[in-house]
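Please look over the sequence and the model below before reading on.

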Amino acid sequence: QVHVVESGGGLVQPGGSQILSCAATGRIVAVNAVAWYRQVRGNRREIVARFTKKGQRLYGESVEGRFTISGDNVENTTYLQMSSLKPEDSAVFYCGPDVDDGSGSWQVFWGQGTQVTVAS
């Protein structure tokens with residue numbers, strides 16, 4: 001079983017910065033990639049950023065240049081640094097590590113998410 005916990009959300013003023021953390025624990029044999037997603041109630045979950053095991057970083061168009069994804073492979077922790085935040089960035093942010101838990105196949109495990117609210 002793989003457990004995922006996101007943290008770091010909260011209330012941020014427009015133009016401000018915030019760092020989200022994602023810790024994955026449990027039986028993790030290998031990590032293929034880790035991605036951050038966000039979801040506004042009633043909308044689809046959208047990908048924000050993705051960090052692959054080959055070191056590739058991909059970003060959603062709306063956050064390109066403002067958000068940075070990084071990771072600590074030893075601790076299986078992933079971070080999302082967010083800057084120049086806008087009210088439309090407000091959402092529940094989820095971390096989805098794509099891992100092999102010993103089953104021989106890649107699976108995405110989800111945490112409970114962390115709420116980010118950008119408002120003055």
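## Strands 5 and 6

In strand 6, Tyr59 is the bridge partner of Ala49. Strand 5 and strand 6 (residues 57–59) run antiparallel and are joined by 3 bridges, where two strands count as paired if DSSP finds at least two bridges between them. Strands themselves are DSSP runs of E with at least two residues, while helices are runs of H or I with at least four residues, and both are numbered from the N terminus. The two strands form a hairpin with 4 residues between them, and in its turn Gly55 has a positive phi of about 90 degrees.

The model is predicted, so that local features need pLDDT of at least 70 and side-chain atom pairs count only at pLDDT 80 or more, whereas totals for chains, interfaces and linings use all residues. Residues are numbered from 1 along each chain as its sequence is written, and side-chain values use heavy atoms, with hydrogens and water left out.

## Strands 4 and 5

Strand 4 (residues 30–39) is joined to strand 5 (residues 46–52) by 6 bridges, and these strands also run antiparallel. Ala35 has Arg50 of strand 5 as its bridge partner. The hairpin of strand 4 and strand 5 has 6 residues between the strands, and Gly42 in this hairpin takes a positive phi near 90 degrees.

## Rings and charges

A search of the whole structure finds 1 aromatic pair. Tyr37 and Trp110 form this pair, which is edge-to-face, with 4.9 Å from centre to centre and 65 degrees between the planes. Rings of Phe, Tyr and Trp (its six-membered ring) pair if their centres lie within 6.5 Å, and planes under 30 degrees apart count as stacked, over 60 as edge-to-face and the rest as tilted. Because Tyr37 lies in strand 4 and Trp110 in the loop between strand 10 (107–108) and strand 11 (114–118), the pair ties together parts that are 73 residues apart in sequence.

Tyr37 is buried, with a relative accessible area of 17%, whereas Trp110 counts as partly exposed at 39%; buried means under 20% relative accessible area, exposed over 50%, and partly exposed in between (1.4 Å probe, protein chains only). The charged end of Arg45 sits over the ring of Trp110, 4.6 Å from its centre, and Arg57 lies over the face of Phe51, at 4.3 Å from the ring centre. A charge sits over a ring if NZ of Lys or CZ of Arg is within 6 Å of the ring centre and within 35 degrees of the ring normal.

Gln18 has its place in strand 3 (residues 18–26), and it is buried, with a relative accessible area of 18%. The side chain of Gln18 reaches the backbone oxygen of Gly8 at 2.7 Å. Leaving aside residues up to four places away in sequence, Gln18 touches several others, including Val12, Leu80 and Met82, where contact means heavy atoms within 4.5 Å.

Most residues other than glycine have a negative phi. Ser84, although not a glycine, has a positive phi of about 50 degrees, and its place is in the loop between strand 8 (77–82) and strand 9 (91–100).

## The whole chain

The secondary structure of the protein chain comes to 0 helices and 11 strands. Buried residues make up 41% of its 120 residues, and the C-alpha trace spans about 45 × 25 × 25 Å along its principal axes.

Terms used. Polar contact = N/O pair within 3.5 Å; in protein donor to acceptor, adjacent residues only side chain to side chain.
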